[in-house]
Amino acid sequence: KHDTSPTEALFAVVRSELADFVRHSASHLAIISGNPSADMIAQANREGGELNELETMIENKYLAHCNPEVPLHFMTLWTTRSFFARSRLMEHYLTHAKSAPEQLTDAQRSKAHGYALRMLECDTQLRTSPLTKGYLWLVEALYSPILAYFHILNGLTKRPGEEHADKAWNAMCDNYEALINGPKHHRTRIMFALKFSRITLQTWEAREKLR
């Protein structure tokens, strides 16, 4: 019988699979070009299906065999989940790059909000688990939750009373607590204090006006 148990190369192999997909993706090419074309947007829509296929393949071939109590496996599980959430949020931006925010439907906004929340949840898992203590330098370098914060705060500023507002605030609080309780030498702590204090206060003021 063929042995399907993961080896120590698991994390590197999965990252290679994901990176190979990214370098050919429309969203990556659009970022490089700085001006997404209609062809890129159409390609992003097609890649939404390809991303689903990739996720299914990664899940069945690699993640299904992971033991979440093993540090390297835990890292692989949560960084991969974060990758797919971020990729879908980026595809959302590219697909609707030519649309005004008010043109988005509630379903489209809800999906994008869910992707951002998932990114925060994955980051919190990675930063709070004792299993990742030896990998926090990598989490800090490659898996910043900045995009998720920007997306959620921007949405809550405009729609402070939306259905998922409480869940969003709880997710941000949990993640921020994980960030400030992390290693002091990590730049994220200073970065958040400088870049997010104003928009966070604005968003909270909008929420307070509802009470």
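**Cores and a pocket**

Mentor: Start with a predicted model, in which F84 is in contact with L18, L51, L54, E55 and I58, leaving aside its neighbours within four places in sequence.

Trainee: What makes these contacts?

Mentor: Contact means heavy atoms within 4.5 Å, so F84 and each of L18, L51, L54, E55 and I58 meet that cut-off.

Trainee: Why is the set with L18, L54, I58 and F84 called a nonpolar core?

Mentor: Because a nonpolar core takes buried residues of types such as Leu, Ile and Phe, joined through side-chain atoms within 4.5 Å. The largest such core has 23 residues, and L18, L54, I58 and F84 touch the most other members. At least two residues each come from α1 (10-22), α3 (38-61), α4 (71-95), α5 (106-128) and α6 (136-142). The largest share, 7 residues, is from α4.

Trainee: Which residues belong to the second core?

Mentor: That separate core has 21 residues, including L120, L147, A148 and L156.

Trainee: What makes a residue part of the lining of the second largest pocket?

Mentor: A lining residue has an atom within 4 Å of a pocket point. For this pocket, with about 530 Å³ of space, 22 residues qualify, and the closest to its centre are L104, R109, H151, G155 and R159. Two or more lining residues come from each of α4, α5 and α7 (146-158), and α7 gives the most, with 6 residues.

Trainee: How many lining residues fall in each class?

Mentor: The lining has 7 nonpolar, 9 polar and 6 charged residues.

Note on methods:
Residues numbered from 1 in each chain as written. Predicted model: local features only at pLDDT ≥ 70, side-chain atom pairs only at ≥ 80, totals over all residues. Heavy atoms only, no water. Buried < 20%, exposed > 50% of the residue type's maximum accessible area, 1.4 Å probe, protein only. Helix = DSSP H or I, 4+ residues; strand = E, 2+ residues; numbered from the N terminus. 1 Å grid on protein atoms, 1.4 Å probe; cavity = no way out; pocket = protein on both sides within 12 Å on 5 of 7 lines; lining within 4 Å. Points joined across faces, edges and corners; volume = space filled by probe spheres on them. Nonpolar A, V, L, I, M, F, W, Y, C, P; charged D, E, K, R; others polar.
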